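Look at the charged side chains in the structure below.

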Amino acid sequence: MEMADSQDIEKGSSGSLYQPFFHKDEKQQNSHDNGNLFMVILCTFVAVMGSFEFGSSIGYSSPTQQGIMEELGMSSEEYSMFGSILTIGAMAGSISCGRAADLIGRKGTMKMSSIISIAGWLIIYLSLGPLSLDVGRFLTGYGIGVNSYVVPVFIAEITPTHLRGALLTVHQVAIATGLLVAYTVGAVVSWRTLALTGMIPCAVMILGLYFIPDSPRWLAMVGCQAEFNAALQKLRGDAADVSREEAEIEESLVTLQHLPKATVLDLFLKRNLRLVIIGVGLMVFQQFSGYNGVVFYANQIFTSAGVPPNVGSILYACLQIIVLSLGAVIIDKAGRRPLLMISASGMLLGSLLTGASFCLKEHELASDMGPMFTIFGIMIYMGSYCLGLGGVPWIIMSEIFPLHIKGIAGSLVTLVSWGGSWVVSFTFSFLMDWNSYGTFLMFAIFCVVAIVFIWKLVPETKGRTLEEIQASME
């Protein structure tokens, strides 16, 4: 299917990817909008415990470094391995997350990830040396690799259309909150106690999963018709008319049931390739615009500006929560594409300002302006990332893939994201030694290409059911 040109987009052409595929009567569209939102919110709360755990795991290594190295006598190289093996575990989790979510369901996969994460935290708590620490860290990484896929997919599949973007953004808010809690609590408790607190969101998730239904779309896909009907009714409220939504889901599955079981090669078929390009492309720009490298360098930047690293980390985490909360409020009104465009543009500006500061420093020009450029550049960059490229690619990933390839495609997209995170984190210090302002210029170039990519290829998905989005992409 050809992309609509800019005139189509501006005029709202009915054939455009950026308009709803079906035109609904407004009353029909909102028939269940005021239904049982309590159950949807409860489901989201339980699911984002996995996101909170995500943030806790990422934030754990920062406040605990001195305590672990002193108590266990670890070298800097051994602790660096402990910090980075989380990403290796997440890559392993991303490989299996899609297939697991298709085989044992979204709830079963979240429960599995929580059990594995608890085992990882327990091993870290009991550790007496580097090896057991690394094993525990790998297991927690595996858990968050699974959660990074299954949590947004579950939320997208249970949420009414008009709330989907906002509630999916809660996934990112919970990650940032977990990060903030890890930084804050880690500043006042020992590393072993902090490991115990990492088990709390996992335990809450396991308990909460007993009180919520599984994804109706997954239940329909595996042929559990009675459970499908009951889950959808429970999510929309006993008095809600769910017949239209049931019909749309079942109609979309009729076509899928005639297709052979999806394999990795199916991702490269013409009808699926564009979806894969969009999903993978967004993750490539999310990572290779340099965010993980910037975060890696942020503590040094805060120190150079006279701000203690722990305080700087807490301030950054607070900024992240504020910007993400703003995004949650406006995403279903503004749309996904505008937030992505604004985000990439802000990151471009932040990269250029930061690069300029390093250039001034290297050539000993305007030395009093350099630190100010650096601080402004980094904060603009981080805030812009949180508004769009940090979370919206996960939202779009959860929306665009049809059920029969969602598991395989989601695993690929998640693997690209975690793989890119590892590459950027690993190479950033080498790039900075090579050429500091050239590094940020490279990130700026990625931001420019991201803007073009988003404008040309990424569809607007707000205000449309998952079935409408997927039908319009075929």
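What follows is a walk through some of the salt bridges in this predicted model.

A search of the whole structure gives 9 salt bridges. Three of them are described here in turn.

Begin in helix α4, which covers residues 76–126. Here the side chains of Arg106 and Asp102 form a salt bridge, with a distance of 3.3 Å from N to O. This pair counts as a salt bridge because a side-chain nitrogen of Arg lies within 4 Å of a carboxyl oxygen of Asp. The two residues are 4 residues apart in the helix, about one turn. Are they buried or exposed? Arg106 is buried, and Asp102 is buried as well.

Asp332 and Arg336 are both buried.

Arg336 also forms a salt bridge with Glu399, and the closest N and O atoms of this pair are 2.7 Å apart. Which parts of the chain does this pair link? Arg336 belongs to helix α15 (residues 336–362), while Glu399 belongs to helix α17 (residues 392–400). The two residues are 63 residues apart, and the pair links distant parts of the chain. Glu399 is buried, as is Arg336.

Salt bridges can also share partners and form a network, and one such network joins Asp102, Arg106, Glu157 and Lys406.

Notes. Residues are numbered from 1 along each chain as its sequence is written. This is a predicted model: local features need pLDDT of at least 70, side-chain atom pairs count only at pLDDT 80 or more; totals for chains, interfaces and linings use all residues. Side-chain values use heavy atoms; hydrogens and water are left out. Buried means under 20% relative accessible area, exposed over 50%, partly exposed in between (1.4 Å probe, protein chains only).
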